[in-house]
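Please look at the structure first.

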Amino acid sequence: RRRVLEASQQLTEIINSCLESDTSTESPEPSREAEPADEEDSAPHCLWVDKFTPRRYMELLSDDYTNRCLLKWLKLWDTVVFGKEKAVKKAKPSAEAYPPFSQPKEQQNKWKTKVQLTEEILEADLDQHKRPKYKVALLCGPPGLGKTTLAHVIARHAGYNAVEMNASDDRSPEVFKTRIEAATQMKSVLGANEKPNCLIIDEIDGAPAASINVLLNIIHRKDAEGEAAAGTGRRRRREGGLLLRPIICICNDQ
């Protein structure tokens with residue numbers, strides 16, 4: 001064990017020296033994003049999977065189509081979370097002025113690729129509360145695919161504070177509901193800059209049916225509750241308000 005530790009330390013020093021030489025030749029300017037890596041370098045025995053984990057969007061090795069779709073969906077929340085207006089996509093005049101000769105106009109919209117269909121779904125109009133049509137994103141795949149890493153990197157890239165919870169640990173529906181509402185309705189008070197939370201629920205396939213129903217009730221909660229009469233107003237305050245933060249669920253078995 002001692003020999004293995006010595007060999008790993010020597011190899012780590014060699015990799016660090018190579019990385020330092022590369023960064024010194026590329027850009028001498030220090031960056032703010034390199035601070036977490038420096039903190040982890042100071043750890044005596046840091047796992048390589050933690051040390052060299054992706055921290056920026058460009059460092060992700062997962063499927064680029066999935067990465068772009070998740071980022072595009074998360075940016076749809078900018079209107080309600082950050083107060084930014086939704087960017088209007090300009091139509092290309094060249095495509096409309098010169099349609100392909102081989103296909104008539106009726107068949108141009110009939111056959112669409114997977115990317116075009118997904119973009120149309122994501123670019124659907126926001127609801128009356130300026131939220132996207134789909135409130136929850138589900139990442140599914142075998143273990144080790146990078147689902148949790150993708151969720152954390154995308155959340156930080158979009159300006160959120162990633163809050164992770166494990167659905168398999170919180171078996172009680174009451175605890176599950178309390179943690180979801182705490183993450184989606186309360187602000188992050190840690191650190192100098194307060195960022196809105198993005199809830200990441202891992203192992204959602206291990207949650208009981210009662211917890212899934214709690215999550216569905218939070219998603220489909222409407223603002224109309226409590227506006228008709230004063231009695232229902234107390235009920236709405238007891239149940240909580242609208243879901244105004246994105247939720248990313250992760251599972252192995254869809």
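## Basis

Helices (H or I, at least four residues) and strands (E, at least two) are DSSP runs, numbered from the N terminus. E85 lies in the loop between α5 and α6.

This is a predicted model, in which local features need pLDDT of at least 70, side-chain atom pairs count only at pLDDT 80 or more, and totals for chains, interfaces and linings use all residues. Residues are numbered from 1 along each chain as its sequence is written, and side-chain values use heavy atoms, with hydrogens and water left out.

E85 is exposed, at 64% relative accessibility. Here buried means under 20% relative accessible area, exposed over 50%, and partly exposed in between (1.4 Å probe, protein chains only).

Leaving aside residues up to four places away in sequence, E85 touches T79 and K130. Contact means heavy atoms within 4.5 Å. E85 and K130 stand 45 residues apart in sequence. Their C-alpha atoms are 9.5 Å apart in space.

## Helices α4 and α8

Helix α4 spans residues 64–75 and helix α8 residues 114–122. Their axes come within 10 Å and cross at roughly 15°. Axes are lines fitted to C-alpha atoms, for helices over the stretch in contact, and angles run from 0 to 180 degrees between N-to-C directions. The crossing angle makes α4 roughly parallel to α8. Angles under 35 degrees count as roughly parallel, over 145 as roughly antiparallel, 65 to 115 as roughly perpendicular and the rest as oblique.

On the α4 side, Y65, C69, K72 and W73 make the contact.

## Aromatic pairs

The whole structure holds 3 aromatic pairs. Rings of Phe, Tyr and Trp (its six-membered ring) pair if their centres lie within 6.5 Å; planes under 30 degrees apart count as stacked, over 60 as edge-to-face and the rest as tilted. One of the pairs is W73 with W77, edge-to-face, with centres 6.2 Å apart and planes at 80°. W73 is buried at 5% relative accessibility, and W77 is buried at 0%.

F82 and Y160 also pair edge-to-face, with centres 5.3 Å apart and planes at 65°. This pair links distant parts of the chain, 78 residues apart. F82 sits in the loop between α5 (78–81) and α6 (93–97). Y160 sits in the loop between α9 (147–157) and β2 (161–166). F82 is partly exposed at 34%, whereas Y160 is buried at 1%.
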